[in-house]
Amino acid sequence: MKMATETLGAASVAPAPKIKSELMEQRVRSARLFLIPMLVALAVVAGWPLLRSIYFSFTDASLSNLDAAQWYGVGNYLRWQVLDSGAVRYRGLLVDTAWWNAVWNTVRFAFISVAFEAVLGMIVALVLNAEFRGRGLVRAAILIPWAIPTIVSARMWGWMLNDQFGILNDLGMRLGLLSQKVAWTASADTAMTAVLIVDIWKTTPFMALLVLAGLQMIPKDIYEAAEIDGVHPVKQFFKITLPLVRPALMVAIIFRLLDALRIFDLIYVLTPNSAATKTMSVLARENLFDFDKFAYGSAMSTLLFLIIAALTILYIWLGQVRFDGGDR
């Protein structure tokens, strides 16, 4: 009788894994159904224009008549001509000094701005994570720079950095920090610094917001145990806070890196004609529309996509970034 009861009980429990498996399959199917509209929209909005740009980069397309574009091969990227003297003259995007200057400006801007934003964002997030009176108001106020549209921020800072009537030059002269007024956005020596200041001011709150979300996921019990053991707050940060918040920080950095590598609006408004700050996006736009070199501009856009993809993959690989909240 006992064995029969045990057998009956085992039989009633056995189907549970199958039910669980069916439930997971239903969830996967539902997730795929919900993803299909997004994937279709993404293919139409992003995928098709990207493929068209890649195609036009191998043609002699002109903005005035795209339908008459003829296949040109890799001539927009690299072509050469052998002169009568026997010398070889290379032309194309891969030997264009203006393009490589834009690549250098973009990469330098991206890495410097993201590095400062990561450090400052961590500091701001630690402050906002602490308990103090008026914390909610401070959290709302810190997001104001990020909430302001980039065009508005660029125009506002353009007036503030003006060498004739800008408030920063006026304060610098009054406080004795400057011996003469500085043309921050017009001078090649200070244009990149000015752009970096504006971008760091605007996007540090975004970084702080993402890091703050990671900080709030850390259990308070860990810090209480560390305090009981007499662990110094600085050691708590490096041994507890930083390792546990690392996944959120790495994801925040990659989001900002992607945004910084394709920077356009801030540069275009603040320093539109400066070779010291001209980025890949700005140069590609000039060739696409201003100079009517649509095929050449498409080649720039294609290389911009490939460079961003390569740097992103390299960062994910070296940083061992995962998007499910864990580490490899």
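In which sense, left-handed or right-handed, does H12 pass H13? H12 passes H13 in a left-handed crossing; a crossing counts as left-handed if the near helix is turned anticlockwise from the far one by less than a right angle, and as right-handed if clockwise.

## Basis of the report

The model is predicted, and local features need pLDDT of at least 70, side-chain atom pairs count only at pLDDT 80 or more, and totals for chains, interfaces and linings use all residues. Residues are numbered from 1 along each chain as its sequence is written, and side-chain values use heavy atoms, with hydrogens and water left out.

Helices (H or I, at least four residues) are DSSP runs numbered from the N terminus.

## Helices H12 and H13

Two packed helices are described by the angle between their axes and the distance between the axes. H12 and H13 pack at about 160°, with their axes 7 Å apart. Axes are lines fitted to C-alpha atoms over the stretch in contact, and angles run from 0 to 180 degrees between N-to-C directions. H12 and H13 are therefore roughly antiparallel to each other (angles over 145 degrees count as roughly antiparallel, under 35 as roughly parallel, 65 to 115 as roughly perpendicular and the rest as oblique).

Contact means heavy atoms within 4.5 Å. H12 takes part through Met280, Ser281, Leu283, Ala284, Asn287 and Leu288, and H13 through Phe294, Tyr296, Gly297, Ser298, Met300, Ser301, Leu304 and Ile307. This contact has nine nonpolar, five polar and no charged residues. Here Ala, Val, Leu, Ile, Met, Phe, Trp, Tyr, Cys and Pro count as nonpolar, Asp, Glu, Lys and Arg as charged, and the others, Gly among them, as polar.

## Helix H10 and its partners

The axes of H10 (residues 233–261) and H13 (residues 294–319) come within 10 Å and cross at roughly 165°. H10 and H13 are therefore roughly antiparallel to each other, and H10 passes H13 in a right-handed crossing. Among the residues that make the contact are Arg246, Met250 and Ile253 of H10 and Leu304, Ile308 and Leu311 of H13. The contact of H10 with H13 comprises 11 nonpolar, two polar and one charged residue.

H10 also meets H8: their axes come within 9 Å and cross at roughly 140°. H8 and H10 are therefore oblique to each other, and their crossing is right-handed. Residues of this contact include Asp199, Thr203 and Phe206 of H8 and Thr241, Val245 and Ala248 of H10.

## The largest pocket

About 810 Å³ of space lies in the largest pocket. A pocket is an open set of points on a 1 Å grid over the protein atoms alone where a 1.4 Å probe fits, with protein on both sides within 12 Å along at least five of seven lines; lining residues have an atom within 4 Å of a point. Grid points are joined across faces, edges and corners, and a volume is the space filled by probe spheres set on the points.

Of the 34 lining residues, Arg262, Ser281, Ser301, Leu304 and Ile308 are the closest to the centre of the largest pocket. H13 supplies the largest share of the lining, eight residues. The lining holds 19 nonpolar, seven polar and eight charged residues.

## The second largest pocket

The second largest pocket holds about 320 Å³ of space. Its lining includes Leu126, Asn129, Tyr223, Pro233 and Thr241. H10 gives the most to this lining, with four residues. By class, the lining has seven nonpolar, three polar and two charged residues.

Key:
Helix = DSSP H or I, 4+ residues; strand = E, 2+ residues; numbered from the N terminus.
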